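Please have the sequence and the model open side by side as you read.

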Amino acid sequence: MELDELIITRAIVDEFSKVFLDYTDVDVALVGGGPANLVAAKYLAEAGLKTVLFEKKLSIGGGMWGGGMMFPRIVVQADAKHILDDFDINYHEYEEGYYVASSVESVAKLICGATGAGAEIFNLIDVEDVMIRENDAVCGLVINWGTISMTRLHVDPLAIKAKVVIDGTGHDAGICSTVLRKIPGAEIGTGIPGEKPMWADIGERALMDTTKEVYPGLIVAGMAANAVAGAPRMGPVFGGMMLSGKKAAEIAIEKLKKE
């Protein structure tokens, strides 16, 4: 078989364009490709919702790739072990209630679980703004190439429509920050105080309360949820992140059922 570079080029551009245009109008748009949003994406897609995830970097997986201090292992507590099972991630019990898994395998299977369920993932796409309509509710995202935002080139963005947006941007809580900055009178709790110092036990427990709809059309998940609420960071224990993603999906599913 003789390869034709032009066919290769057309195949990539044509197929990407078709999928991209199809996902300009979705049920749920997730911002940030960390573990919380990857878990959420799987459960959302399995519920039959049109789901898209945007990650501004080349790699998907957030901080999970590096495990703890570049030792490629993560810890998951007993409460979240069932999510490891849902994604077919291998693990073993280190001590009672503490389960250890490969960070690399975990990320790979979270991605496969989300895409296998039908969620679409676009990497190298940054979200620089939100769309709002009636009552200033969030109804979409303003997107650009991640390289454009990183190099600060003045290139106008495009937009997508979404019934629900999930902010899973980690420590920065980027989408929540944008809402506060750009929507006059917007209120998200007491603002975004940022995360407190590391306290794994309290931080993990807090996620079940901090994961919620914080503004009409906007749900916050993972480390972004604790940053918005001023709760502690947790380090390389990821059970709370996974449970937060599952809860965010459940909130979105319930919200869309009512519409």
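This is a predicted model: local features need pLDDT of at least 70, side-chain atom pairs count only at pLDDT 80 or more; totals for chains, interfaces and linings use all residues.

## Before we start

Let's begin with R233, which sits in the loop between α8 (223-229) and α9 (239-257). The UniProt annotation "binding site", from an unreviewed entry, covers R233. Such annotations may be inferred rather than shown by experiment.

Is R233 buried, exposed or partly exposed? Its relative accessible area is 34%, and R233 is therefore partly exposed, as that value falls between the 20% and 50% cut-offs. Leaving aside neighbours within four places in sequence, R233 is in contact with H171, E195, K196, P197, M198, W199, A200 and M223.

## The other annotated positions

UniProt also places the feature "binding site" (unreviewed entry) at A36, E55, K56, G63, V127, H154, V155, D156 and M223. These positions span 188 residues in sequence, and their farthest two C-alpha atoms are 31.5 Å apart, so they do not all gather at one spot. From this set, A36, E55, K56, G63, V127 and M223 belong to the lining of the largest pocket.

Two of these positions can be followed further. M223 lies in helix α8 and, at 6% relative accessibility, counts as buried. Beyond four places in sequence, M223 is in contact with G170, H171, E195, P232, R233, M234 and M241. K56 is found in the loop between β2 and β3, where it is partly exposed with a relative accessible area of 38%. Not counting residues up to four places away in sequence, K56 touches L124, I125, D126, G146 and M150.

## The largest pocket

How many residues line the largest pocket, and which lie nearest its centre? The lining has 39 residues, of which G62, G168, T169, G170 and H171 lie nearest the centre. The elements that give two or more residues to this lining are α2 (35-46), β2 (51-55), β7 (125-132), α6 (174-182) and α8. The volume of the largest pocket is about 870 Å³.

P72 is in the loop between β2 and β3 (73-77) and is partly exposed, with a relative accessible area of 35%. The C-alpha atoms of P72 and S102 are separated by 6.0 Å, although the two residues are 30 apart along the chain. Setting aside residues up to four places away in sequence, P72 touches G67, A101, S102, S103 and V104.

Most residues other than glycine have a negative phi. M69, in the loop between β2 and β3, has a positive phi near 50°. M69 is exposed, with a relative accessible area of 70%. L124 has a positive phi too, of about 60°, although it is not a glycine. L124 is placed in the loop between β6 (120-123) and β7 and counts as partly exposed at 31% relative accessibility.

## Helix α1

Helix α1 covers residues 5-22, 18 residues in total. From first C-alpha to last it reaches 26 Å, close to the 26 Å expected at 1.5 Å a residue. At the start of α1, a side-chain oxygen of D4 comes to within 2.8 Å of the backbone nitrogen of L6.

Terms used
Residues are numbered from 1 along each chain as its sequence is written. Side-chain values use heavy atoms; hydrogens and water are left out. Helices (H or I, at least four residues) and strands (E, at least two) are DSSP runs, numbered from the N terminus. Buried means under 20% relative accessible area, exposed over 50%, partly exposed in between (1.4 Å probe, protein chains only). Contact means heavy atoms within 4.5 Å. The expected span of a helix is 1.5 Å times one less than its number of residues. A polar contact is a pair of N or O atoms within 3.5 Å; within protein, one must be able to donate a hydrogen and the other to accept it, and residues adjacent in sequence count only if both atoms are side-chain atoms. On a 1 Å grid over the protein atoms alone, a cavity is a set of points where a 1.4 Å probe fits but cannot get out, and a pocket is an open set with protein on both sides within 12 Å along at least five of seven lines; lining residues have an atom within 4 Å of a point. Grid points are joined across faces, edges and corners, and a volume is the space filled by probe spheres set on the points.
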